[in-house]
Amino acid sequence: MKAPRASRPVLGGWRGFGIACAAIALGNFDGFHLGHQAVLASAREIAEMQGVALGAAVFEPNPRRYFHPDAPPFRVQNTRQRARALAACGVAEVFEIEFDA
């Protein structure tokens, strides 16, 4: 499976991304613990039932950086690693949502 781009910024909407329809799993996906796997499995099931692509929408930076700015840097995977891991789980496209106030 071809890995999706590291991420695609979502600036003003979803139009122009080349995917007509997708089931989107929303989360940080900063690693693939059982909770992340369950979210992806649920979105994958919907994608398969509807016959659409499986996508993931992620936050950048991690919301933890916003809510706890003095905490040490926290990152299980960098952006490229996250995209590769998501692709290995069947994600066709990764959408990046800027997280701010």
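How many bridges join β2 to strand β3? Five, and the two strands run parallel. The views below show a predicted model, in which local features need pLDDT of at least 70, side-chain atom pairs count only at pLDDT 80 or more, and totals for chains, interfaces and linings use all residues. Residues are numbered from 1 along each chain as its sequence is written, and side-chain values use heavy atoms, with hydrogens and water left out.

**View 1. The whole chain, element by element.** The protein has three helices and four strands. Helices (H or I, at least four residues) and strands (E, at least two) are DSSP runs, numbered from the N terminus. Read from that end, the order is β-β-α-β-α-α-β. Of the 101 residues, 34% are buried (under 20% relative accessible area; exposed is over 50%, partly exposed in between; 1.4 Å probe, protein chains only). The accessible surface is about 6,400 Å², and carbon and sulfur atoms hold 55% of that area (Shrake-Rupley method, 1.4 Å probe; for residues, only the protein chains shown count as cover). Take the contacts between residues at least 6 apart in sequence: 78% join residues at least 24 apart. Contact means heavy atoms within 4.5 Å.

View 2. Strand β2 covers residues 22-26. A23 and A25 form its covered face. A22, I24 and L26 form the uncovered one. Strand β3 spans residues 53-60. Within β3, A57 is the bridge partner of L26. Two strands pair if DSSP finds at least two bridges between them.

**View 3. E60 and its surroundings.** E60 lies in strand β3. Its relative accessible area is 19%, so E60 counts as buried. The E60 side chain makes a polar contact of 3.4 Å with the side chain of R82. Such a contact is a pair of N or O atoms within 3.5 Å; within protein, one must be able to donate a hydrogen and the other to accept it, and residues adjacent in sequence count only if both atoms are side-chain atoms. Leaving out residues up to four places away in sequence, E60 touches R75, T79, R82, E96, I97, E98 and F99.

**View 4. Cysteines C21 and C89.** C21 is partly exposed, at 47% relative accessible area. C89 is also partly exposed, at 26%. The disulfide count is zero, with a disulfide taken as a pair of cysteine sulfur atoms within 2.5 Å.
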